[in-house]
Amino acid sequence: MKVFQQPVKPKLAVWKFASCDGCQLSLLDCEDELLAVSEAVEIAYFAEASRAMQKGPYDLSLVEGSITTPHDAERIHQIRRSSRVLITIGACATAGGIQALRNFKDVKEFTRVVYAHPEYIDTLKTSTPISHHVKVDFELRGCPINKTQLLEVIEALLHGRKPNTPAHSVCMECKLAGTVCVMVAHGTPCLGPVTHAGCEALCPRYNRGCFGCYGPKENPNTRALAAEWQRLGAKQMTIRHAFRNFNAWAEDFRKESEKHEP
Amino acid sequence: METESAFPVVIAEKALHTLVCALQKAGYRVIGPILRDQAIVYDELDSVADLPQGWTDEQQPGSYRLKKRTDQALFGYTVGPHSWKKFLHPPHLRLWSVSRSGNEVRFSHDKTPIQKYAFLGVRSCELHAMAIQDKVFLQAGHEDAGYHQRRNDSFIIALNCGEAGGTCFCTSMKTGPQATSGFDLALTELLSADRHEFLVEISSQIGANLMHDVASREASAEDLATAANILARTAENMGRHLDTKGLKERLQDNPEHPRWDEVAARCLGCSNCTMVCPTCFCTSVEDTADLAGETAERWRRWDSCFNSEFSYIHGGSIRSSVKSRYRQWLTHKLAHWIDQFGSSGCVGCGRCISWCPTGIDITEEAAAIGSTAPPPEDTS
């Protein structure tokens, strides 16, 4: 990743593709830190926050959302060309998002059922992550992303170091916080052992199993976890749906979900 | 802890309250077992009333369940998901901070005051785990000053186990169930239809001083016999067994045993075993800074050999497969630890078995590795 060392403030742009806006809202949600962010970088393009839009090139682009239309498949290349560093934020941008459920079905059939005039709908057959289209310098996981991690990434980038966003399991976060394992102590099926950390184990802290919002951890053993879910009484459909969620198109989760097809 | 040869005494159940109050008055944060989220964890006690009276646990590989007891035992359970290392070797620790003003850079050590802890209900296996971590953190020339102070300041009330859990195997590791050293006071719970008392062994001057204010009577030969019977019964009821004879060699001689592949198929690489292990001590450091780059901090946090980044050196991770990570953990714990620190790294507490989401059993794996090794040379 490139380091910014120019005397002027780096220019930041925030881009939206197919998404719910929740991840870019995380940046606005940095209420206490927003002033520090705006002092550290020049917010040059952020449609959700301001109508003032500066032209590129940009030093840092944060990209939210997945590629679902021919137009967006073109647009992401323009953004890549005008960005020194491109970081994708959230499950849509890093894995295709919940809308990647279309990838398992026939989109044309959906548009026929949903729209009065499906001929006006110009959409791709798939929802794919940004990294399938252009080179991505860093991926920040989550649905939505954790704003503390977003600040960590921006800060690390400004100072030329690697961001601390470990790819280990959610279990690590449970154990560091002293949270009791919901799977072992309650028999609650949990995706924590195969899921990338970052949420600070939000669901297990409230006695719920992990939903896998941050996608697969590095080297996940989804097969062994699915077997354990079965032992706890989960049906094939439950397992398929668990892996086929916000990160359905992340390769490890996709492959596991396909093993539990009817 | 200085040793004072005091005769064991017996105190009433209610007197435990006096003891806890005396510790709190002396400035200790009293930590003990409490009930939370359907498990018995270690946290601060306001009073003895916080202890999980009348509860027990049932533990099997990958399973932990609380059950009501038929009696009102205060310590009628075994060890839970927490260990005392979370207090002595905290999961997150700020090491130092640095601030910049113009061209001047100023470093400062962490000045968070160190807590004085009193640990109530420390099992024999846990005392051994503390002694093992002492070897790691108090090595001459590499001493962890914060650990040293937390450890020296701690007051330890051990508990002789009256129950053995389904995943316990301290007798195999020769680490229990009787607390023999490393405590200020050691309790044995004496509970029957007509009595609820504690036998108290006093092993330090601080312990003796505290006991001055607690109503007690000298233990009778019968009390001592009852306590001995409890420990004998516990020792006979271990849920697991590990044959340690030749184990180090069996593990070190079998790096390519097919069992490593079998266990890797079940291993989630989630790190739970290392996090709950009372002797696992590995950490990594992380730097944080503010956006302006004026202040930065270095933090230490627990890490695990089951994480890819743990073995990352220039160019990549040395142990990229789960198999290599599991093999690293097991052989370090049960074999290389002996070369490194002079004892096994396992105290037989069974936490890694109970809290493994897929129920991988260290005693089964260790027994299987080497079981099909080439037979010894025929000498006939």
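Q: Is H186(A) buried or exposed?
A: H186(A) is buried, at a relative accessible area of 17%. Buried means under 20% relative accessible area, exposed over 50%, and partly exposed in between (1.4 Å probe, protein chains only).

Q: What kind of model is this, and how is it numbered?
A: This is a predicted model, where local features need pLDDT of at least 70, side-chain atom pairs count only at pLDDT 80 or more, and totals for chains, interfaces and linings use all residues. Residues are numbered from 1 along each chain as its sequence is written, chains are lettered from A and ligands numbered from 1 in the order in which they are written, and side-chain values use heavy atoms, with hydrogens and water left out.

Q: Back to H186(A). Which residues is it in contact with?
A: Leaving aside neighbours within four places in sequence, H186(A) is in contact with V180(A), C181(A), N207(A), D37(B), Q38(B) and R65(B). Contact means heavy atoms within 4.5 Å. The side chain of H186(A) also reaches the backbone oxygen of D37(B) at 2.8 Å.

Q: New topic: which residues touch the most other members of the largest nonpolar core?
A: That core has 63 residues, and those touching the most other members are L16(B), F75(B), L120(B), L187(B), V200(B) and M211(B). A nonpolar core is a set of buried Ala, Val, Leu, Ile, Met, Phe, Trp, Tyr and Cys residues joined through side-chain atoms within 4.5 Å.

Q: And what does L120(B) touch?
A: Not counting residues up to four places away in sequence, its partners include V20(B), I31(B), F75(B), W84(B) and L187(B). A second, separate core of 31 residues includes F87(B), I156(B), M238(B) and F281(B).

Q: What are the domains of chain B?
A: Domain 1 is 9-92 + 103-236 and domain 2 is 247-368; the bounds come from an automatic or database domain assignment. Their C-alpha centres lie 26 Å apart.

Q: How many residues of domain 1 of chain B are in contact with domain 2 of chain B?
A: 35 residues of domain 1 are in contact with 34 residues of domain 2. The area buried between these domains of chain B is about 2,800 Å², and carbon and sulfur atoms give 62% of that. Buried area is the accessible area (1.4 Å probe) that two parts lose on being put together, summed over both.

Q: How many salt bridges between them?
A: The count between domain 1 and domain 2 of chain B is two. A salt bridge is a side-chain nitrogen of Lys or Arg within 4 Å of a carboxyl oxygen of Asp or Glu. E126(B) and R351(B) meet in a salt bridge through their side chains (2.4 Å, N to O).

Definitions and conventions: A polar contact is a pair of N or O atoms within 3.5 Å; within protein, one must be able to donate a hydrogen and the other to accept it, and residues adjacent in sequence count only if both atoms are side-chain atoms.
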